[in-house]
Structures are given as C-alpha cells and as structure tokens.
Amino acid sequence: MRVSPFINPEYTNPSAGLTDTTLTLNLGPQHPSTHGVLRLVLELDGETVVSCAPHIGYLHTGFEKNMEAKTYHKAIPYTDRMDYLSAMIYNVAYVLSVEKLCGIEITRRCAYVRVLVTELQRIASHMVWYGTTGMDLGASTTFLYAFRDREDLLNFFEELAGGRMTPSYSRVGGMAADLTTGFEKRCRAFLDQLEPKIDDYEALLTGNEIFKERTQNVGYVSTEDLIALGVTGPVLRASGLKWDLRKNQPYLVYDEFEFDVPTATASDVYCRYLVRMAEMRQSIRIIRQVLDGMPEGDINISDTKFRRPSKDTIMVGMEELIHHFKQMTSGFPVPPGEAYVPVESSKGELGFFIVSDGTGKPQRVRVRPPSFFNLQALPLMAKGRMIADVVALIGSLDIVLGEIDR
Amino acid sequence: MNETEQKVHWLDKALEVVRNADPESVVRVERGVDMPAIVVPRELIVEVCTALRDDAGLRFTMLSDLTASDDLDRDPRFDVVYHLLSFDLNARLRVKVGVPESDCRCPSVTSVWPGANWPEREVWDMFGIRFTGHPNLERILTPEGWEYFALRRDFPLQGPGMVRLYEDVTDVL
C-alpha cells in the first residue's frame with residue numbers, strides 16, 4: 001500500500017489521551033456583546049459554563065490620578081468620560097461631594113435643574129441599555145428605536161450645556177448655564193411623545209416569546225448574595241429589595257417628588273428588564289413634577305468665593321478679572337476633610353469619595369463605580385448556564401467599561 | 001426622636017459593638033461632614049467588620065466601597081477606607097485603617113464581604129498595599145508585569161517615562 005506523502009506517519013490525534021473535558025474560550029475583549037472592551041475567560045464543558053473570569057482594565061487611563069492634579073473645577077470634564085452614558089449624573093455626583101466638603105447650600109432652582117438633567121440622563125442611559133440588550137438577543141429593531149429617541153435627549157443636552165455626550169453641565173455651587181428659553185415647553189412636548197414610544201418598546205419585547213425564553217430564569221442570584229457582593233441599582237431591585245437612594249437617602253430635592261421604586265422578585269434577566277422599563281416611566285413622572293414646580297430665581301449661589309465671575313463682568317471689571325485669574329490658576333481652597341455623597345445613577349450607587357488637604361486641589365478622588373461592583377456578580381450568574389446566556393447576562397448588568405476601568 | 005439623635009444612637013451602639021469585639025479596637029472617632037468615621041487598628045479590621053456586619057441591631061451587610069488614600073507627610077502614610085452601609089438602619093459608616101509604608105499590608109475582608117475582592121485588588125494595583133488572605137491578589141487595571149503603583153502621591157503624573165511591556169519587540173514598524 002502506498003503511503004501518501006502528505007500524511008505524517010507519526011501523526012497522533014491531538015485530543016487523544018487528554019483528560020481535560022473543558023474548553024477555555026476567550027469572549028472579548030473585541031466582541032460586540034461585551035459593550036466595550038471586556039474580556040471574559042470562560043471554561044466550557046460543551047456549551048455549559050463551568051467558570052467565568054472577567055478581565056478588565058483595557059480602558060484604564062488614570063482619571064483619578066489626573067483629577068488629583070487639577071483644581072476642583074477643572075476635574076469636572078473627567079467625570080463625563082467615566083460612565084459616558086450617564087455623564088450628567090456623574091457631573092452632579094462629583095459636585096455634590098465637593099459642595100459637601102465646602103458646606104455650600106445650592107439654590108432651589110439649581111437643585112431642580114440637577115434633578116431634571118439627572119432624570120433625562122437616566123432615560124437616555126436606559127435607552128442605550130434597551131437598544132443594545134435587544135440587539136444582543138437578536139432583536140435589532142430595539143436598537144434603531146432606542147437610538148432614534150435618544151437623539152432628542154442628546155439634543156436637549158446640547159441645547160443646555162453645549163455638549164451631547166460629555167456635557168460637563170454642573171459647576172460647584174451651580175450650573176454652567178441656566179435653562180434656555182422655551183426649554184420647558186420643548187421638554188414637555190418630548191415627554192408626551194416619549195410615553196407612547198416606551199409602549200412601543202415594551203410591545204417589542206415584554207410579551208415576546210423568544211425574548212422571554214432567552215431571559216426568564218436566567219441569572220438568578222439571591223438578594224443576600226447581591227448585597228454581599230456590593231451590587232446596587234436595578235439589578236438589586238430586580239431581586240426584590242426596594243432600595244433606591246433617591247427614596248431611601250434623598251439628595252437634592254428628591255423627597256419633594258412623588259414616584260415609585262419599581263421592583264421585581266425573580267432576580268433574573270427578564271426582571272431586570274422590567275425594572276428598567278418601569279424606571280423610565282417613573283423618570284418621566286419626576287421630570288413632569290420638576291417642570292411644574294421649577295422655582296424662579298438664581299441658579300448659582302451668590303458666594304463669590306466659589307463661583308466664577310460671569311464673562312461679561314470679566315471684560316470690564318478689574319476685580320472680576322483678578323478673581324477669574326485666581327479661580328482659573330489656583331482654584332478655591334476646600335476645607336480639609338473627607339466626603340462621600342452617594343447618588344442613584346442609572347446603574348446603581350455612585351459616589352465620589354474626596355479627600356481634601358485644604359488646598360485648591362484634591363488629595364484623593366475616588367469614584368465608586370456601580371458597574372465595577374455589579375460586574376463582580378457575573379461569574380456567580382454565569383456558572384452552570386449556557387454560553388448564549390452569558391450574552392444576555394452582560395446585557396442585563398448594563399455595564400459601562402469606561403467607569404469600570406476609569 | 002429626631003434624625004440627629006437617631007444618628008448618635010446607632011453610632012454609640014456601633015462603638016459598643018466594636019469595643020465588645022476587642023477593647024482596643026477604637027483608636028479614634030471622627031464626625032465627618034457626611035458620615036461618622038471610626039479609625040481601628042490594622043490587625044483588628046476583620047474582627048471589627050465581622051462584628052459590624054453580624055450584630056442584629058446594626059447589620060452593616062453591604063461594603064459599599066473600599067479604597068485607599070495616600071498622605072506623604074503623615075505616619076502611617078496610607079489609609080485604607082471602608083464605606084459600610086446598613087439597610088436596616090439606613091445608615092452609613094466609614095471605617096479607616098492606617099497602613100505604614102514600611103509594612104505595606106492589611107488583612108483582607110473578602111471573608112466578610114466577597115464584594116471586597118476586586119476593590120482590594122485595585123488598591124493593591126494602585127497603592128501597593130498587600131491584602132493578606134486575599135484569594136487572588138493580582139493586578140486588575142494595569143497589565144500583568146507592570147511594576148509601579150500609579151496612585152501613590154510620589155508617582156509622577158506623566159508616568160515613569162517610556163515603558164516597554166514586551167522587551168523582545170524592538171522594531172514594530
């Protein structure tokens with residue numbers, strides 16, 4: 001018999017003799033369903049996940065280090081770029097911590113405007129989550145719907161702050177600018193249109209048999225385990241715990257508004273979906289009350305120690321010019337101490353822990369990113385599930401790698 | 001009972017619980033602008049945290065954040081800062097532990113809260129504080145093999161100059 005020259009006579013089957021029954025699979029870092037650059041090392045037995053190890057840090061750029069080298073005002077644009085889907089909420093959280101250290105009481109109008117932009121941002125963030133999660137599970141229409149409607153919100157941010165994704169709208173002691181003329185009317189018109197659109201969103205997925213098959217009973221974790229892991233936000237509320245910092249530890253003027261905290265009990269991907277959809281409706285409810293009760297008056301505090309002088313006065317007044325120069329070079333001194341003011345971001349508890357040594361620059365700025373803690377629960381959720389469920393689980397956690405890696 | 005009195009009430013209770021765990025366990029109490037803080041000795045942090053978590057009247061069941069801060073002019077140089085949250089009391093407590101530069105280690109609280117795993121890895125990565133008893137103390141945000149601790153105050157803002165992660169690759173283009 002003639003032996004083919006292409007066959008190595010010493011060839012042995014590479015899998016023969018191996019005792020491993022598992023396969024290691026790299027999911028990411030470049031993978032559309034990881035919502036950024038997340039790498040998961042999955043150990044698979046067939047299609048079942050035996051273990052899952054997230055590897056993060058691909059977007060690490062040292063925001064916290066950079067913020068230590070800047071005055072308190074100059075650090076604000078960094079906060080936009082952490083969770084780039086909730087930039088407004090990050091702005092507000094940062095200045096709340098600085099204001100706590102300085103003992104600043106903001107004006108009522110400022111507090112209302114902050115609640116307004118926070119809730120608009122929450123809707124925008126949930127829209128991105130809705131669109132991408134739907135697309136991960138094969139429903140590409142959701143993505144188109146959500147991004148179409150998010151455009152209106154980004155236009156609002158552009159109108160108010162000049163930036164769409166990275167507005168940097170908040171300032172210590174106030175806002176960068178007051179509301180624009182006619183904003184209230186346009187915002188109301190938008191909300192009226194938004195409600196039927198959310199009905200459309202729900203019509204696509206809530207009763208969808210395929211979506212339910214993919215999401216129900218996937219990723220159960222008990223409330224105790226979630227708490228022990230530090231998980232907050234909609235993921236925790238979907239496990240049945242009614243915990244929302246806007247309600248339980250109110251900041252700004254949230255205690256003046258009527259809204260419900262949506263919860264669900266099954267703690268699976270489907271419940272997290274339901275909670276977020278209900279939260280969008282509650283945000284609309286809050287924004288309507290904000291617009292109804294928007295107080296007149298100044299948006300910035302009158303204390304010129306912290307406030308930058310307005311541009312018109314800089315051009316004509318010597319004192320104001322000196323003041324502006326001081327603010328821009330050395331900043332304002334912040335009393336020594338520590339402050340951590342948690343707020344409810346679209347992903348969970350967000351807070352800036354700031355340590356001041358009494359100078360114009362912080363000694364330490366620490367962000368408590370909700371996604372960082374939420375992602376820690378992924379190995380627990382993925383264990384024993386199919387590999388396709390991992391995609392649904394990543395979507396249900398609503399992670400943003402920008403804030404995880406910072 | 002108004003809000004401030006209630007605050008004092010649970011803080012006294014917390015101090016009592018912590019002192020019951022070990023009489024030496026409270027070095028200092030600080031009334032911060034946002035929440036009260038207690039400073040505890042490094043060796044007792046696990047006992048203190050376990051007591052705060054398990055006491056039926058306190059139930060600080062969530063470690064909402066763990067981080068560190070660095071002050072070059074002070075001894076001990078580092079502070080490891082724990083932010084605890086109690087759902088029952090609706091209260092927050094800050095626990096701080098001093099860590100000197102000469103002996104840069106701190107007991108891990110991953111046995112108390114599994115959620116401390118990643119934050120402790122981050123503190124190791126950024127400040128070089130070793131957490132003894134941690135199940136997997138590896139760098140988390142910077143690449144493996146990186147040899148600096150970037151958030152230390154004496155680390156330059158622009159980094160240590162050109163860093164080559166792959167020494168053998170000399171010519172990329």
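**Note on a predicted two-chain model**

1. In chain B, 50% of the contacts with a separation of 6 or more are between residues 24 or more positions apart; two residues are in contact if their C-beta atoms, placed from the backbone, lie within 7 Å. This is a predicted model, in which local features need pLDDT of at least 70 and side-chain atom pairs count only at pLDDT 80 or more, while totals for chains, interfaces and linings use all residues. Residues are numbered from 1 along each chain as its sequence is written, and chains are lettered from A and ligands numbered from 1 in the order in which they are written.

2. Chain B contains 3 helices and 7 strands, arranged along the sequence as α-β-β-α-β-β-β-β-α-β. Helices (H or I, at least four residues) and strands (E, at least two) are DSSP runs, numbered from the N terminus. Of the 173 residues of chain B, 39% are buried. A residue is buried if 20 or more other C-beta atoms lie within 10 Å of its own, exposed if 12 or fewer, and partly exposed in between, with C-beta atoms placed from the backbone.

3. Chain A has 17 helices and 8 strands. Its C-alpha trace spans about 100 × 45 × 40 Å along the principal axes. Of the 406 residues of chain A, 49% count as buried. Among the contacts of chain A between residues at least 6 apart in sequence, 69% join residues at least 24 apart.

4. A sheet in chain A deserves attention. Three strands form an open antiparallel sheet in the order S6-S7-S8; two strands pair if DSSP finds at least two bridges between them. Strand S6 (337-344) and strand S8 (362-368) of chain A each have a single partner strand and stand at the edges, so one side of each is left without a neighbour in the sheet. From one strand to the next, the twist averages 10°. Axes are lines fitted to C-alpha atoms, for helices over the stretch in contact, and angles run from 0 to 180 degrees between N-to-C directions.

5. S6(A) pairs with strand S7 (residues 349-356) of chain A over 8 bridges, in the antiparallel sense. Within this pairing, A:Pro342 stands opposite A:Gly351 in S7(A). Helix H3 (residues 87-102) of chain A packs on the sheet and touches S6 and S7 of chain A, its direction making about 145° with that of S6(A).

6. A helix pair in chain A may be considered next. Helix H4 (residues 108-136) and helix H5 (residues 140-161) of chain A pack at an angle of about 160°, with their axes 8 Å apart. H4(A) and H5(A) are therefore roughly antiparallel to each other; angles under 35 degrees count as roughly parallel, over 145 as roughly antiparallel, 65 to 115 as roughly perpendicular and the rest as oblique. The crossing of H4(A) and H5(A) is left-handed, the near helix being turned anticlockwise from the far one by less than a right angle.

7. Residues of H4(A) that meet H5(A) include A:Val117, A:Leu120 and A:Ile123, and those of H5(A) include A:Phe143, A:Phe147 and A:Leu153. By class, the contact of H4(A) with H5(A) has 14 nonpolar, 5 polar and 2 charged residues. Ala, Val, Leu, Ile, Met, Phe, Trp, Tyr, Cys and Pro count as nonpolar, Asp, Glu, Lys and Arg as charged, and the others, Gly among them, as polar.

8. The contact between the chains takes 27 residues from chain B and 33 residues from chain A. On the side of chain B that touches chain A, S3, S4 and H3 of chain B each supply at least two residues. The largest share of that side, 7 residues, comes from S3(B). Its residues divide into 13 nonpolar, 10 polar and 4 charged.

9. Helix H3 (residues 117-127) of chain B has 11 of its 11 residues buried, so it is largely enclosed by the rest of the structure. B:Trp118, B:Trp124 and B:Phe127 are among the buried residues. What covers the buried residues of H3(B) includes helix H14 (370-375) of chain A, together with strand S3 (62-70), strand S4 (78-86) and strand S7 (130-132) of chain B. Just after H3(B), B:Gly128 takes a positive phi of about 75°.

10. B:Asp103 lies in the loop between strand S5 (91-99) and strand S6 (105-107) of chain B. B:Asp103 is exposed, with 10 other C-beta atoms within 10 Å.
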